[in-house]
Amino acid sequence: MKYSALFGLAALALGFTACDDIEDSNSLPQSNPQLDIVSADNASITAGPAATGTIDLEALNNSASSINIATVTEASDWPEGFIATVPYMQVSADQSFAEYHTIEATMGAEGEVLIAPDAWEEVYVTMFGKNPQTTTSYVRFPIMAVNGDQKVRMGGEDFYYGNFGVNVKPFDLFDGKIIEDTYYLINNVDNWDFSKAVKFSHSEKDPYDDPNFQAIISVNGAGYQWAIIPASTFDAGTLGKAYGVETADALAGTLVEATGADINYGVIDQAGPYMISINMETLAYDIKGAYEQLYTPGNTNGWSQAASQILTTNNYINYTGYAHLDGEFKLSTQPNWDGVSFGAGDPGKLSSDGGAGNLNAPANALYWVNANLVELTYDLTEITTIGLIGSATPGGWDASTALEPSADFLVWTGKMKLTDGEFKFRANNGWDINLGGSLTNLVQNGDNIKFTGEGTYVVTLDLSAVPYTATLTKE
């Protein structure tokens, strides 16, 4: 029996359905993979001309050219009247295809599988971000045998052809601008010594996706000059490529690329800690005072910074602490209204605009407050329980022994039997918010507190001021 006849019988037996638009493998009606005609051997796919070199998505898009990524070949006994077609291509960052994206494909007259470069660019950014460097992607394809409204997937429901690697150069969204992974600040006080350079901090994102960097510096007096160097200059050890400023004493403006003696250094004339923020895509920079702490004036303290709880920081970026809040409040950089006050911006965002509305705590409660002054974000975690946990406590390390709060939620007390061992304070019966270290200086995620002197104690935790403290009074 000829394969064409066998194929017709198989089609009748399986009751082929109408051919709808093909988007993914789950939408494709399947045939019985045990039939010879749907065997993977009845078709093959080979890498196309584009796959042999580097696929330059931007160049191909500019020339209105499709990407000939593969070619489909039908077997000699291919069923009469049916054509082989590839409805889409899957692309992944690795050959496992544990994660993948789908790009629609079209067919050329000679079995070419054609991909639109702008469609691939969209997927590329989703997979790899905006970095314009060339990367390796892996591609694979389903093959369908189609005759009018009849279709069958070759090799079965989950079978793909190809799975080969291709080098892909994405669009250059930065017009040739190079953003390096690391930047440093050098200054005249340290004689421009690279070994004393201050390294800018950065998020875990690729710098092309997040071009913002921050550094904290300490200025001891007038005449502090500074410049910024990229990692390539730092590694070379000589003052080549660097960034100065347009106006020497401006605390905000645009960085200017220069080399050696041509650098126009920035100048800071007032002593104090500063945070320098730079955007290496736009070359904007901003210098602000690095605030030692934040105050929480609001409804619960008569809008008085002096009567409020404070948030502390160890990097001048993230500020954390306990605060009794009820409704409206703000974050303030000074113990008065002379400094910067942060109010409500977009949801979950802070705004330093003086006219910004107040922040809002949804209930009268104690909160763990976390503010990021670089990203201008904040979040509030309501504290519903605080207790002791550890080998010295009645519940061991398995359960907290609860304390009771005062009316303003700032002092928590409880009576319990303690034994020799260790303990910590933790909130909400979890470990995200906990205090350790020492009874006279309790800090978030501090070490376990060692304890000796078995007996019954009244435990008092004071969160009204920093440092947080606790006392153990034996009965």
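Tutor: L376 lies in the loop between β28 (359-372) and β29 (377-383). Strands here are DSSP runs of E of at least two residues, helices are runs of H or I of at least four, and both are numbered from the N terminus. This is a predicted model, in which local features need pLDDT of at least 70, side-chain atom pairs count only at pLDDT 80 or more, and totals for chains, interfaces and linings use all residues. Residues are numbered from 1 along each chain as its sequence is written, and side-chain values use heavy atoms, with hydrogens and water left out.

Look at the backbone of L376. Its phi is positive, about 55°, yet L376 is not a glycine. Most residues other than glycine have a negative phi. L376 counts as partly exposed, at 27% relative accessibility. The cut-offs are under 20% relative accessible area for buried and over 50% for exposed, with partly exposed in between (1.4 Å probe, protein chains only).

N191 is another case. Its phi is near 55°, again positive in a residue other than glycine. N191 sits in the loop between β13 (183-187) and β14 (198-199). It is exposed, at 63% relative accessible area.

P467 belongs to the loop between β38 and β39 (469-474). Most peptide bonds are trans.

Points are joined across faces, edges and corners, and a volume is the space filled by probe spheres set on them.

The largest pocket holds about 620 Å³. Its lining counts 30 residues, and Q214, S277, L373, V374 and E375 lie nearest the centre. β15 (212-219), β20 (272-279), β21 (284-289) and β24 (318-329) each give at least two residues to this lining. β21 has the largest share, with 5 residues. By class, the lining has 15 nonpolar, 11 polar and 4 charged residues. Nonpolar means Ala, Val, Leu, Ile, Met, Phe, Trp, Tyr, Cys and Pro; charged means Asp, Glu, Lys and Arg; the others, Gly among them, are polar.

Of its 17 lining residues, T312, T313, T320, V443 and Q444 are nearest the centre. The classes are 8 nonpolar, 9 polar and no charged residues.

The whole structure has 1 cavity of 30 Å³ or more. Its lining is made of Y322, I386, F425, R426, A427, I433, N434, L435 and L461. β34 (421-427) and β35 (434-438) are the elements that give two or more of these residues. The largest share, 3 residues, is from β34. The lining divides into 7 nonpolar, 1 polar and 1 charged.

T401 is in strand β31 (residues 401-402) and is buried at 17%. Beyond its neighbours within four places in sequence, T401 contacts I386, G387, L388, T393, P394, G395 and M416 (heavy atoms within 4.5 Å).

Finish with a buried loop residue. N301 lies in the loop between β22 (293-295) and β23 (310-312). Its relative accessible area is 11%, so it is buried. The N301 side chain reaches the backbone nitrogen of W303 at 3.2 Å. A polar atom of that side chain also lies 3.3 Å from the backbone nitrogen of S304. Leaving aside neighbours within four places in sequence, N301 contacts T296, A307 and S308.

Key
Polar contact = N/O pair within 3.5 Å; in protein donor to acceptor, adjacent residues only side chain to side chain. 1 Å grid on protein atoms, 1.4 Å probe; cavity = no way out; pocket = protein on both sides within 12 Å on 5 of 7 lines; lining within 4 Å.
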